[in-house]
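These are my notebook entries on one structure. I set down what I looked up and what I found.

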Amino acid sequence: MKDRIRKIERIRQVQQHMHRVAELRMSGLENSRRINQSEQLDLISALNEDSSFQGLFVDATARRLKSLAHQGDQIATECLAQRTVVIERGLQLKRTEKTCDRLKEQDRRETEKRELQNILEQIISRSHKLPAS
């Protein structure tokens with residue numbers, strides 16, 4: 001039983017690590033999404049400015065804005081997929097934690113049963129050793 005508990009504890013630790021990695025990846029994607037949106041807003045505000053040089057950079061700015069929009073779509077898709085991964089890893093972790101808790105509880109009960117049985121056997125053996133009065 002102790003080996004099973006040790007193995008499931010190790011699995012729990014690995015799954016906990018995998019869940020943290022998935023959350024960190026999700027956080028990185030969210031950060032990338034915010035940066036992308038910020039760059040898009042900066043370009044849009046640059047296009048809206050009245051400047052004498054604006055006409056020179058309209059085509060390049062429009063291409064960059066289109067590229068950022070495409071990247072934003074890709075990041076959004078990755079975010080959705082990663083959200084699913086984070087949820088799945090979290091569910092796996094919870095299932096493993098429940099299994100681990102059940103095994104520990106089962107081990108505790110078995111230990112208590114053995115200890116109780118030992119106590120009862122000691123009481124019975126003492127009662128047999130007592131001289132009859």
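**Entry 1: Salt bridges**

I began with Glu-97, which counts as partly exposed at 22% relative accessibility; I use buried for under 20% relative accessible area, exposed for over 50%, and partly exposed for values in between (1.4 Å probe, protein chains only). The model is predicted, so I note that local features need pLDDT of at least 70 and side-chain atom pairs count only at pLDDT 80 or more, while totals for chains, interfaces and linings use all residues. Residues are numbered from 1 along each chain as its sequence is written, and side-chain values use heavy atoms, with hydrogens and water left out.

I looked up the partner of Glu-97 and found a salt bridge with Lys-94, the closest N and O atoms being 3.7 Å apart. I count a salt bridge where a side-chain nitrogen of Lys or Arg lies within 4 Å of a carboxyl oxygen of Asp or Glu. Lys-94 is exposed, with a relative accessible area of 52%. Helices here are DSSP runs (H or I, at least four residues), numbered from the N terminus.

I then turned to Arg-108 and Glu-112, whose side chains meet in a salt bridge at 2.4 Å, N to O. Arg-108 and Glu-112 are four residues apart in helix 2 and so are separated by about one helical turn. Arg-108 is partly exposed at 37%, and Glu-112 is partly exposed at 41%.

How many salt bridges does a search of the whole structure find? The search finds twelve. Among them is the pair Glu-39 and Arg-64, whose side chains meet at 3.2 Å, N to O. This pair links distant parts of the chain: Glu-39 is in helix 1 (residues 2-48) and Arg-64 is in helix 2, 25 residues apart. I find Glu-39 partly exposed at 31% relative accessible area, and Arg-64 likewise partly exposed, at 37%.

**Entry 2: The nonpolar core**

Six residues make it up: Ala-22, Met-26, Leu-29, Ile-75, Cys-79 and Val-86. Helix 1 and helix 2 each supply at least two residues of this core.

Leu-29 is in contact (heavy atoms within 4.5 Å) with Ile-75, Glu-78, Cys-79 and Gln-82, its neighbours within four places in sequence left aside. I also checked His-19, which lies in helix 1. Is His-19 buried or exposed? At 15% relative accessibility, His-19 counts as buried. His-19 touches Val-86, Arg-89, Gly-90 and Leu-93, not counting residues up to four places away in sequence.

**Entry 3: Cysteines**

Cys-79 counts as buried at 3% relative accessibility, and Cys-100 counts as buried at 1%. I searched the whole structure for disulfides (pairs of cysteine sulfur atoms within 2.5 Å) and found zero.

**Entry 4: A surface patch**

Finally, I noted that Leu-116, Ile-119, Leu-120 and Ile-123 form a nonpolar patch on the surface, with about 370 Å² of accessible area together. Leu-116 lies in helix 2 (residues 54-129). Patches are made of residues with over 30% relative accessible area and no salt bridge; like charges are joined within 9 Å, and nonpolar side chains (Val, Leu, Ile, Met, Phe, Trp, Tyr) within 5 Å. Accessible areas come from the Shrake-Rupley method with a 1.4 Å probe, and for residues only the protein chains shown count as cover.

Conventions
A nonpolar core is a set of buried Ala, Val, Leu, Ile, Met, Phe, Trp, Tyr and Cys residues joined through side-chain atoms within 4.5 Å.
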